[in-house]
Number of protein chains: 2
Amino acid sequence: MPRVRVLVTLKPTLLDAQGRTVQEALHALGYHNVHQVRIGKVIEMDIADEGQPVEAQVKEMCDRLLANPVTELYEIEVLG
Amino acid sequence: MPRVRVLVTLKPTLLDAQGRTVQEALHALGYHNVHQVRIGKVIEMDIADEGQPVEAQVKEMCDRLLANPVTELYEIEVLG
């Protein structure tokens, strides 16, 4: 059964408040060389093969449920 | 400046309530072939090279701030 990983991230033009907060916390801990921290979601799932191409099916799931097309981008990796 | 991606996921033995909820929503949409949905965080950041090995530094950040060692696992990918 193929394992699929979906990475959902905010569009780069949008302010990532959570990422900004984590970046400030890392600086406060002394990691001043860290920049451009962005935080997103990773969704992993097993998909039983039913003849339909897995990647096309996951793309449909992203568009219908897993990602917000207005504010987010997604990447699909089939881990095999 | 190397770009680094950290994937933070719940330990497999723990119940992932958010993943379970998403799985039920996918089933309700007709995707009955989806199983074992797990949801985690992806953290991406640029790290300026200061001589210290990047991966070791990020591991330290995970242990100190980015992941909860009691409930979570993390994977570090240096994207180059």
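**Contacts between chain A and chain B**

In this predicted model, 36 residues of chain A are in contact with 36 residues of chain B.

Q: How is the size of an interface often given, and what is the area buried between chain A and chain B?
A: The size is often given as the accessible area lost when the parts come together. Between chain A and chain B the area buried is about 3000 Å², and carbon and sulfur atoms give 59% of it. A:Tyr31, A:Asn33 and A:Val42 supply 21% of the area that chain A buries against chain B, more than any other three residues.

Q: Why is α1(A) called roughly perpendicular to α2(B)?
A: The axes of helix α1 (residues 17-28) of chain A and helix α2 (residues 54-66) of chain B cross at roughly 105°. Angles of 65 to 115 degrees count as roughly perpendicular, and therefore α1(A) is roughly perpendicular to α2(B).

Q: Which residues make the contact of these two helices?
A: A:Val22, A:Ala25 and A:Leu26 of α1(A) meet B:Met61, B:Leu65 and B:Leu66 of α2(B). The residues of this contact divide into 6 nonpolar, no polar and no charged.

Q: How do you know that A:Glu77 forms a salt bridge with B:Arg5?
A: The closest N and O atoms of A:Glu77 and B:Arg5 are 3.7 Å apart. The cut-off is within 4 Å, so the pair counts as a salt bridge. The count between chain A and chain B is 4 salt bridges.

Methods. Residues numbered from 1 in each chain as written. Chains lettered and ligands numbered in written order. Predicted model: local features only at pLDDT ≥ 70, side-chain atom pairs only at ≥ 80, totals over all residues. Heavy atoms only, no water. Axes fitted to C-alpha atoms, helices over the stretch in contact; angles between N-to-C directions. Helix = DSSP H or I, 4+ residues; strand = E, 2+ residues; numbered from the N terminus. Parallel < 35°, antiparallel > 145°, perpendicular 65-115°, else oblique. Contact = heavy atoms within 4.5 Å. Nonpolar A, V, L, I, M, F, W, Y, C, P; charged D, E, K, R; others polar. Buried area = accessible area lost by both parts, 1.4 Å probe. Salt bridge = Lys/Arg side-chain N within 4 Å of Asp/Glu carboxyl O.
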